[in-house]
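Colleague: Before I rely on the terms in your description, I would like to hear what stands behind each of them. Could we look at it together?

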Amino acid sequence: MRKIIFKSLVQAPLTEKPPAADAAALAELAQRLDQAARQRLGRSLSIRQVDAGSCNGCELEIHALNNAFYDLERFGLRFVASPRHADVLLVTGPVTANMREALERTYRATPGPKWVVAVGDCAFDGGVFAGSYACVGGVSAVVPVDLHIRGCPPSPTALLGGLLALLEHSAE
Amino acid sequence: MPTLSEVMGQGRPVQGHRPWPRAVVPGEVWISTAERLKDGRWTLLGLWGERNAVHMAVLDESRREAGVVSLEVLAGRFPSVGQFHPPAIRLERTIKDLFGLEPEGAPDARPWLDHGRWGLRAPLGIKAAVEATGDAYAFLAAEGESLHQIPVGPVHAGIIEPGHFRFTASGETVVRLEERLGYVHKGIESLIAGADPARAARLAGRTSGDSTVAYALAFAQAVEAAAEIAVPARAVHLRGLMAELERLANHFGDIGAVCNDAAFALMHAHCGVLREQVLRAADACFGHRLMMDRVVPGGVAADLAPEGAARLRDLTRTIHARFPELVDLYDNTASLKDRTVGTGILAPALARQFGCGGFVGRASGRAFDARKTPGYAPYGDLRFETPHLEAGDVNARVWVRVVEVKQSVALVEQILDRLPGGPVRAVDDAWRPERAGEGLALVEGFRGDILAWLRLGGGGVVERCHLRDPSWFQWPLLEAAIEGNIVADFPLCNKSFNCSYSGHDL
């Protein structure tokens, strides 16, 4: 173990430069964010991820945000275990009928000010699952959405770009 | 004892079902097949419904024979397989939820995927509208002095999929775990019914995102069997490359995550780096990090990028250089092994009874590997071994993954050594089946064997498709493995199984 830790100390870090905050995301947020809320939170947001019916592809890429290449926590963004601790709900999936109530209750359990970020094409409008008897079709059909990050699944870089846009706006 | 083909000979063979036979059998043959599963002679591969039929896929491992027995014209009911063979119980509850067919004599009459939220009953059978107010669910009783219950989920504390776990504990010790799943049911089988093959392939590839290559491959193989499409040799090998890259990425993720759940973050960080390097190589070679929609009926959608082979050689060199020291780190950290050795033991007899595949089955003595039995190209020409252990604990499930990583790296190298040239696709996205046919495929995903069965209609569409995730035969065993362990070890046990919620819930 000592050898591995020592190597990590002398090697250059794997962590990469962040992408620019996504311009389209900034524009979407500009219309929605409340000035007062931004001032209160500063540059630190706690994120609670909610899978509302995803195929788990989005979860894999959200997980990747924590790896050494993307290192989400350096931006003051971190994942928390409870909606009670969260500022942001990161929601994936076409919102299945069976998850609708759980999503609503998670939203209500999150204290304000809060933001909802819908991740992936399914969370945007149901994606390939749109029209199913078992899907509501898009997160905005259930809770208000502040930002969409598209992709199937969005890459960690795209996720980072979207979240950084949220961070910049929440700090303005 | 009659063989599987002799038993199927007692029914009417179905024309155009490939590559293994299907027969419509009388009720008594259906029941005797279920009894044969109970005896442990045969393995249940799948059990699924249609509006007026039920099908059971069975494997005779010793003779390497597979087949599908079917019951037709049911009058709304069929003899329960679950009354003889418990692994069928949840599959039958699903048949009742989706098709409205009643398994007669079934030991558990509760719904499974249907939570009363769809606004209709039997969405794939004779639909009936109901109010989507949600049904109450009766959890099994666990009674005794000073027992308490802990409900967990569907929204969990980590970045994972939703499901509900009901623990009954005596102090710290789990007396009973009962799972309730179905939260991510998306209605995939209903969306595929009537879809053209290209759209159906996209849906199949999103049954469980972590196994998107394996699902797309199972679906494509079933289509190719049904329509008798020959896949070009280069495409077969590229599929093998993608499948092994997917296995590597998932195993790295899992090995790290299991250690993380034992509070050993260093392994998690280093395995996370290896996983990311696999995904980046996949992106560079095939144009998508998870390789979604790259395996398609008739071949592959994208040829290997020009610099792809060199990129993959770099990747295997990196793994050779980095992985052994991580394995040493795992093996020589006593505090970590203290958490994984002897924790969450799955008895080999249960793994066998459930026909449990993947690392869960292999860690409990069941060496089944669909790449070998029944087997498919390109694996017949490649050298690899299927590791198996008997201990059945978290450590064994980690260790099987470790050996599989080495095997997959060797497979990637072998495929690169012999990658043939030529076309990569026999038919394109505009292809529509001209005649009816049925296909069955069994593909080894990273977590076990995925079964795909489908019927192509003459009208150019997929009439009916069933996809059975390996998790169907692993989730019930997690309930058994956790018994007698402490509640705090549940995340560790759960991660070592790493069952799919989405693949199971469909």
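Modeller: Let me begin with pairing: two strands pair if DSSP finds at least two bridges between them, where strands (E, at least two residues) and helices (H or I, at least four residues) are DSSP runs numbered from the N terminus. This is a predicted model, in which local features need pLDDT of at least 70 and side-chain atom pairs count only at pLDDT 80 or more, while totals for chains, interfaces and linings use all residues. Residues are numbered from 1 along each chain as its sequence is written, and chains are lettered from A and ligands numbered from 1 in the order in which they are written.

Colleague: What is the order of the five strands in the open sheet of chain A, and which strands stand at the edges?

Modeller: The order is E2-E1-E3-E4-E5, with parallel pairing. Strand E2 (77-79) and strand E5 (147-149) of chain A each have a single partner strand, so one side of each is left without a neighbour in the sheet, and they stand at the edges. Direction ignored, neighbouring strands of this sheet are turned by 30° against each other on average.

Colleague: How do you know that E3 and E4 of chain A pair?

Modeller: Strand E3 (residues 88-92) and strand E4 (residues 115-119) of chain A are joined in the parallel sense over five bridges, against the at least two that the definition asks for. A:Val88, for instance, has A:Trp115 in E4(A) as its bridge partner. Helix H4 (residues 57-64) of chain A packs on this sheet, touching strand E1 (45-51), E3 and E4, and its direction makes about 140° with that of E3(A).

Colleague: What makes the residues of the largest nonpolar core a core, and which have the most contacts inside it?

Modeller: A nonpolar core is a set of buried Ala, Val, Leu, Ile, Met, Phe, Trp, Tyr and Cys residues joined through C-beta atoms within 7 Å; buried means that 20 or more other C-beta atoms, placed from the backbone, lie within 10 Å of the residue's own. The largest such set has 198 residues, and those with the most contacts inside it are A:Val91 and B:Ala222. Its largest share, 14 residues, comes from helix H7 (residues 233-261) of chain B.

Colleague: Why is the contact of H5(B) with H6(B) counted as having no polar and no charged residues?

Modeller: The contact (C-beta atoms, placed from the backbone, within 7 Å) is made by B:Pro197, B:Ala201 and B:Ala204 of H5(B) and B:Tyr215, B:Ala216, B:Phe219, B:Ala220 and B:Val223 of H6(B). Ala, Val, Leu, Ile, Met, Phe, Trp, Tyr, Cys and Pro count as nonpolar, Asp, Glu, Lys and Arg as charged, and the others, Gly among them, as polar, so the contact has eight nonpolar residues. Helix H5 (residues 197-204) and helix H6 (residues 212-227) of chain B pack at about 145° with their axes 8 Å apart, the axes being lines fitted to C-alpha atoms over the stretch in contact and the angles running from 0 to 180 degrees between N-to-C directions.

Notes:
Two residues are in contact if their C-beta atoms, placed from the backbone, lie within 7 Å. A residue is buried if 20 or more other C-beta atoms lie within 10 Å of its own, exposed if 12 or fewer, and partly exposed in between; C-beta atoms are placed from the backbone.
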